[in-house]
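Please read each point beside the coordinates.

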Amino acid sequence: MTVDLSPVQEYYKDKTIFITGASGFMGKVLLEKLLYSCHSLKEVIIICRPKRGKAPETRLEEMFKLPIFQRIKDERPEMLKKVTIYQGDVTFDQLGLSGESLKHVTENTNIVFHMAATLKLEGNLRDAIDMNLLGTRRALNVAKEMKQLEAFIHLSTAFCNCDQEVMYEKVYDFPHKPEDLMRLAEWMDVKTLDAITPDLLKPHPNTYTYSKRLAELLVRDHYESMPVIIARPSIVSPSAYEPVPGWVDNLNGPTGLMVGAGKGVIRSMLIDTRHLSEVIPVDYAINGLCVIPYQFAKMTERPTEVPVYNITCADHRKMQWGEVIEMSKEIGYRYPMEAGLWYPDGCITTNKLHHNINVLLFHWLPAYLIDFILLLLGQKRFMIRVQNRISVGLEVLQFFTMRAWFFKSDAYSSLWAMLNEADRKNFNMDMDPEETVPMYIESCVQGGRQYLMKESPDSLPRARLQLKLMYILDRACKTLIVGTLCYWTYGLVARLLGTAPSKPLFLPAVSPAAFEPLPGWVDNLNGPTGLMIGCGKGVIRSVLVNQQNKAEVIPVDYAINGLIVIPYEFNKQAKRPTNVPVYNITNADHRKMTMGTVVEMSKRINKQFPFNAGLWYPDPCVTTNQFYHNFNVALFHWLPAYFLDFLMLILGQKRFMLRVQEKISTGLGVLQFFTLNAWIFRSENYASLWNKLNEEDKAIFNMNMNTENTEEEYMVECAKGARKFILKEKEEDLPRARVHMKIQWVVDVVCKTVIVGLFFYYLLKWTGVLAIF
């Protein structure tokens, strides 16, 4: 049966095509397009190297199972038999071909598409030269032996001449000669080559664009003797129409950013949203490649210079990055990806400092946290490795996203202009389609879900529910962060104004022994001793205390001595009292200090006699504001308690922090009645006990309120007693405890500095001041 062929199809009739790099993203689409639309061709020869233990033939069979080859299997299954695969590699001489395979290639090939390259923008120079430069020379050497060669299309990149303000469709000279670099890579060791790479690359940002530029010079030098052509696609994006809308099979370029941002992994990008996006759908680029040999063959006169095609989008179709990003966000929320790391709401900025802060807080910090949890669970860690790749990728990409690019693509535009209606239908490059840009972005997002993430459309309802939950979590965390910033700001201002001093303190109640049985003796955590230890260990971070009030404490030995003397005095009385005797066993008024004085004194003592292994630097907040106190308790008591018990659960250890926190919370709730009110006691009866004793009894039952020992000396004994009798900490541990406290102080100051810095950072960002810099 005779089939009417369009002019381009007629050109490809009985042709043999040789492709390097057919296993790559563009290579697969080119192979499928030639088999489907140029079905009158004779043969397509591809080379492929073994990979992960799979032979080339096995890899080809797996390739044919991909969705992009489905229409061929449905409509033209016989075309798959026209594909011949040989084991080959562009890093080997003769492309790894020999004997019959080399003979078959050289005697039958009419058109060569040289697409093999390393796309690692961050790769080392030796690999880039070996693949992109030497690989091109090896392909040219094989092509020289082809007896029927009509066109050799070398695939380059539109960004290889980044030192030009406007990139025209021509080859630009460069001081470095391809031959010199190839020789350099052959004899110089990798370490030395890596050391001089930054100087060699200038003005190129990476080894990829540098090696591609040198490869263009190499191809140009063969133009006099060979029909070579250079094609330069810009950033290649998922397909617009064929073989299926949204097809993509790698994370390079915009697809990687789309997936990374959609999964909540990429939280910050350096992009100048005012510049135009330079992307071209892969099917538009491949259709152009297919038509180039046809146009070259139709030329009545051979061009004086090597033909160059900038395969870029038409200027009127280009959109600003800002518009593309906003559109992508909107569509991404309609078609979210499953099981993202966080709500996809990354930051786009041109401020390097702003970006670096975001990367530190929202890339590296979560990566280390997740890997730490995986380590505790005995699972394989991967987030830091992923983050390393993301970090390198973002650093490389910012060169392309932070500057404006201007391309002249007249030659590429001429391909579409010369086609008749039949070829326009077969090889679509229409820059004025009915489909809008949002429709294309939608197909890209859906393609990323389906072909890269292997997420079925049926999973969308679940993914949308997950997105809503992540949104709630994201907003809750941001609210918490803003609340924390406000809290620290309030605390900072309060401290500057002198209204919020803090440190471990002693409160009204029976306190440790002053002299006997041992100075500082105590055996429980009730009253002031519990608060002293809780604050000193950094566990209690907030207490409700009015610092203007007097501290009402009495050493336990003073109280006990009074109790012992009371029966003696009662029985000495000649006449029974009319009313029941009452003794207020309290400190003498002239010995009482304000809470504020106690706090200041405690600061000095706490530095001299710190406790071992505290939870945090002992710097609790002392306030009379109930709301402020409750906020502190929620943030610095309950939150760490839940977190520590969660870690204990993961580690299979006994949980205890919530139980401890419940006791602390109950104790603080009870004590605040006593610490917020002023107490005035009349203690004449208790004072009379001491006055009535003779010298001998005074020496035995000490209640002297005019002792030579100062209040600070007593507080020192209390601190020592708590260490020795309650915490069982040895005196020789003090030097280590002091070092530990200094380290905690540094950590505390660093954390507070970061939090205050974050506050001003978000404040400047919210007010728009940050965008000015």
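1. The model is a predicted one, and its protein chain holds 27 helices and 15 strands.

2. On overall dimensions, the radius of gyration of the protein chain is 40 Å, whereas a compact globule of 773 residues would have a value near 28 Å. Taken along the principal axes, the box that the C-alpha atoms fill is roughly 140 × 55 × 50 Å.

3. As for the surface, the protein chain exposes about 38,300 Å², of which 58% is supplied by carbon and sulfur atoms.

4. How many aromatic pairs does the count come to? With ring centres required to lie within 6.5 Å, the count comes to 22 aromatic pairs. One of the pairs is formed by Phe 159 and Trp 405, which are edge-to-face at 4.9 Å centre to centre, with 85° between the planes. Phe 159 lies in the loop between β5 (151–155) and α7 (178–187), while Trp 405 lies in the loop between α14 (383–401) and α15 (410–418), so this pair ties together parts that are 246 residues apart in sequence.

5. Are the two partners of that pair buried or exposed? Phe 159 has a relative accessibility of 5% and therefore counts as buried, and Trp 405, at 5% relative accessibility, counts as buried too, the cut-off for burial being under 20%.

6. A further pair is that of Phe 174 and Tyr 210, whose ring centres are 6.1 Å apart and whose planes stand at 70°, so that the pair is edge-to-face. This pair links distant parts of the chain, with Phe 174 in the loop between β5 and α7 and Tyr 210 in helix α9 (residues 207–220), 36 residues apart. Phe 174 counts as buried because its relative accessibility is 8%, and Tyr 210 is buried with a relative accessible area of 1%.

7. Which residues do ring pairs link into a cluster with Phe 159 and Trp 405? The cluster also takes in Phe 399, Phe 400 and Phe 407.

Definitions and conventions
Residues are numbered from 1 along each chain as its sequence is written. This is a predicted model: local features need pLDDT of at least 70, side-chain atom pairs count only at pLDDT 80 or more; totals for chains, interfaces and linings use all residues. Side-chain values use heavy atoms; hydrogens and water are left out. Helices (H or I, at least four residues) and strands (E, at least two) are DSSP runs, numbered from the N terminus. The radius of gyration is taken over C-alpha atoms; the globule rule is 2.2 Å times the number of residues to the power 0.38. Accessible areas come from the Shrake-Rupley method with a 1.4 Å probe; for residues, only the protein chains shown count as cover. Rings of Phe, Tyr and Trp (its six-membered ring) pair if their centres lie within 6.5 Å; planes under 30 degrees apart count as stacked, over 60 as edge-to-face and the rest as tilted. Buried means under 20% relative accessible area, exposed over 50%, partly exposed in between (1.4 Å probe, protein chains only).
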